[in-house]
Every structure is written in C-alpha cells, then in structure tokens.
Amino acid sequence: MFDSVRDDLRATLDEIRAAGLHKPERVIGTPQSATVEVTAGGRPGEVLNFCANNYLGLADHPEVIAAAHEALDRWGYGMASVRFICGTQEVHKELEARLSAFLGQEDTILYSSCFDANGGVFETLLGPEDAVISDALNHASIIDGIRLSKARRFRYANRDLADLERQLKEATEGGARRKLVVTDGVFSMDGHVAPLRQICDLADRHGAMVMVDDSHAVGFVGPGGRGTPELHGVMDRVDIITGTLGKALGGASGGYVAARAEIVALLRQRSRPYLFSNTLAPVIAAASLKVLDLLESADDLRVRLAENTALFRRRMTEEGFDVIPGDHAIAPVMIGDAAKAGRMAELLLEHGVYVIGFSYPVVPQGQARIRVQLSAAHSTEDVNRAVDAFVAARAELEG
C-alpha cells in the first residue's frame, strides 16, 4: 500500500524543491550562541548566528548553565509522569509563582511548549455558544488551538482595529456567550507589535476577554522586560498571556499560560496538553528561575539588545535594503522571490553569517524574506560584519 503513497510524497517533495521552497536543516556542533559552528547542511566552519530566538544571549549564559547543573543533581533528569499523577515538584510550583509575579497575573500553569499552551486554552474555555476573534497573522499554534475548539471563529485583518470592532459586533449580534480576542504580542515574521491598549479598549466596550501570545516579547520588550502588556500599560487588562521559555527566557523549551486564577484552575482540570503530556523537565524549570533572577536584577542585556537592533536597522537602511520598519529585534529584510531569498541565505552563509530565507507557506506568496534576529550576545563588530556580508551577498546575487 505504501508504495503508491511513497510516489505521491516524493512528487510533492520534488515540487517543493522545484519551487525553491525546500527548507534544509543545518547542523551545528556547538552550543547556541552569537557564534556557532556549522557541521552539515552548509559551508562548514564558524559563523555568526543571526537567526536564533536567543534575544538576550542566555542560551549559554554561565549562570544559567550552572543553575541547570545544580538542578540535575538536586531534582534529577525527568519526571516520567504528568503533573496530576506524580509529576509536580517544588521547582515547578516555584517557577509558576515567579512567572505570575513577573507578568502581573494571578496564576500560571506550565506546559511542555507554548504550542501546547495555545493548543490547550481554547477548547477548555470556549464552547459552541462562544466566539473567538483572532488576528489574521496569529501564530500557527493559535490557529490550530482555535480549530480544536467548537467556538465560532472570527478573523480580523492584522492589527486592523476597525475590522476587529466589526468582528466583535458580529459576534455580539450572533448571541455569543463569551468572546475572546486573541493576538500575538509581536508578530514573528514582521516584528510588528500589536496595539494592545486599543485592543483592550475595544474588548472592554464589547464585553470580551483578551489573550496575548507574547513569546517574542517577554524578557526584553517593555521597561522591565515583561512584554507587550507592560509596554502598552495594560498588564492589569489582559486576561490571558501565553509564552515560551524557549526564546529570550533561556532558549530551552517549555511554555506557560499566565492568567486569571479561575482560568488557570480550569486549565489544570481540563486542558488536554497539560493533562496528557509529561511534565516540563525540572532542569529547565530551575534554569528558568535563574533567568528571571537575571532579568529582575539588571537591564544591561535589554539595553545591549536595543543598541544592536538600532545599529543593524540603521546600517541596513543606509545600504539600501528594504527592512520592515520598527524597533523590534526581529528585522525582516524583504527579498520578494522565494528562490532568490534562499540563494541569498546560502551566499550569506558563505560570507560567515547564518540566516534563513523564509518563504511560502511561512509567509505569503511574493513576500519572501531574510528574517534577521539580533541578540544581546552580538558585539558591535558582529553587527557591522553582518551588514557587510549582506552587501557582499547582494552584489554576488545581482552580479
């Protein structure tokens, strides 16, 4: 039976390659850092890494690593259980309490990933009599999570407040019992920040709750690194925050839902990814506590990241590149053609800069790009070398 399926799958893979949409995996032989060594999938050797979510450079921070080593000795390697059976340790409860305090929420529940966190919210909270109103460019995990629920689905154009209000009115007129507006805090392909204050205003006006996936913001956006709700002054008005421990907060894995106490309490009872997935490894929980210590004790990493971001954006603009405007550490360099974006990424690797070309279906057709992500671990020299590599790669691509 599989022989016929195999032929179909191979044909699909050939089509992906022919369209320039194939996504190869490069293998690195070093810890995640500002500089990594590529061992397979590209030119071997040491290169500057400008495509990780390691915004604060904490993935190989010595204090985080030391905390992880200590946690292995104290708590062991893994739990071999789910939370409600025998998978809850003191370190998990401590991290939940610390995240709640850091994010200004009443309670927090840990998941194995933010994808699972988003997958476990909607089905638990919303039924057929409810409505979810989602930004058109929300992360795939939000889209999949909404699909799992039986709630009525409304979609508004990206950051379009007039369209959001239209969808809220339609949901209300349709008799929705509960209404939930959900948005990314930062949209990962563009680096745009959601207008949370205006979203909260509209939600209040129409009796809706607000949920934010702040994965690309917590740790470095806002005066204290508490994310887009802090940036917009609405920490007390957002009902649900989901996020990850796998980006700025150390770069490992794990996710969370920080929310009103009753919401978290219900998730502990009925959220399927929480009830049926193994507990977050205790070593990650303990290392994440150290990350929060670092974030709350100083802002030097946030300042450094902001400086690197401003320098890269300014220099790339001066060199004539089309960089989506903004001040976020995600700085997309627009190319347009998918094959051209892939080729430019290859040339940049040859020039010692590791970046990835993003194309359909990750981004819309005709909007292929190189998504550059800055880190506090980059030096000024690193940033300037990256810009010089872009200039050289462009010359070769057009030459």
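The model is predicted: local features need pLDDT of at least 70, side-chain atom pairs count only at pLDDT 80 or more, and totals for chains, interfaces and linings use all residues. Residues are numbered from 1 along each chain as its sequence is written, and side-chain values use heavy atoms, with hydrogens and water left out.

Helices (H or I, at least four residues) and strands (E, at least two) are DSSP runs, numbered from the N terminus. Two strands pair if DSSP finds at least two bridges between them.

- An open sheet is built from 4 strands in the order 1-2-3-14, and its pairing is mixed.
- Strand 1 and strand 14 (353-354) are the edges. Each has a single partner strand, so one side of each is left without a neighbour in the sheet.
- Strand 1 (residues 27-28) pairs with strand 2 (residues 35-40) in the antiparallel sense, over 2 bridges.
- E37 has E46 in strand 3 as its bridge partner.

- Another open sheet has 3 strands in the order 13-16-15, with antiparallel pairing.
- Its edges are strand 13 (330-336) and strand 15 (357-358). Each has a single partner strand, so one side of each is left without a neighbour in the sheet.
- Strand 13 and strand 16 (residues 368-373) are joined by 6 bridges in the antiparallel sense.
- P332 has R371 in strand 16 as its bridge partner.

**Nonpolar cores**

A nonpolar core is a set of buried Ala, Val, Leu, Ile, Met, Phe, Trp, Tyr and Cys residues joined through side-chain atoms within 4.5 Å. Buried means under 20% relative accessible area, exposed over 50%, and partly exposed in between (1.4 Å probe, protein chains only).

- The largest nonpolar core holds 84 residues. L95, F312, V333, V372, L374 and F390 touch the most other members.
- Helix 12 (residues 282-297) gives the most to this core, with 10 residues.
- F390 is in contact (heavy atoms within 4.5 Å) with F312, M316, F321, V333, M344, L348, I370 and V372, not counting residues up to four places away in sequence.

**The second largest pocket**

On a 1 Å grid over the protein atoms alone, a pocket is an open set of points where a 1.4 Å probe fits, with protein on both sides within 12 Å along at least five of seven lines; lining residues have an atom within 4 Å of a point. Grid points are joined across faces, edges and corners, and a volume is the space filled by probe spheres set on the points.

- The second largest pocket has a volume of about 490 Å³.
- It is lined by 22 residues. The closest to its centre are L137, M189, V362, V363 and P364.
- The lining has 13 nonpolar, 6 polar and 3 charged residues. Here Ala, Val, Leu, Ile, Met, Phe, Trp, Tyr, Cys and Pro count as nonpolar, Asp, Glu, Lys and Arg as charged, and the others, Gly among them, as polar.

**A259**

- A259 sits in strand 12 (residues 255-259).
- A259 is buried, at 0% relative accessible area.
- Leaving aside neighbours within four places in sequence, A259 is in contact with Q105, E106, D107, D239, I240 and V264.
- H192 is 67 residues from A259 along the chain, and their C-alpha atoms are separated by 24 Å.

**Backbone exceptions**

Most residues other than glycine have a negative phi, and most peptide bonds are trans.

- A cis peptide bond joins Y360 and P361, with omega about 10°. P361 is in the loop between strand 15 and strand 16.
- A80 is not a glycine, yet has a positive phi of about 55°. A80 lies in the loop between helix 2 (62-75) and helix 3 (83-86), and is exposed at 71% relative accessibility.
- R159 is not a glycine, yet has a positive phi of about 60°. R159 lies in the loop between strand 6 (152-156) and helix 7 (161-173), and is partly exposed at 34% relative accessible area.
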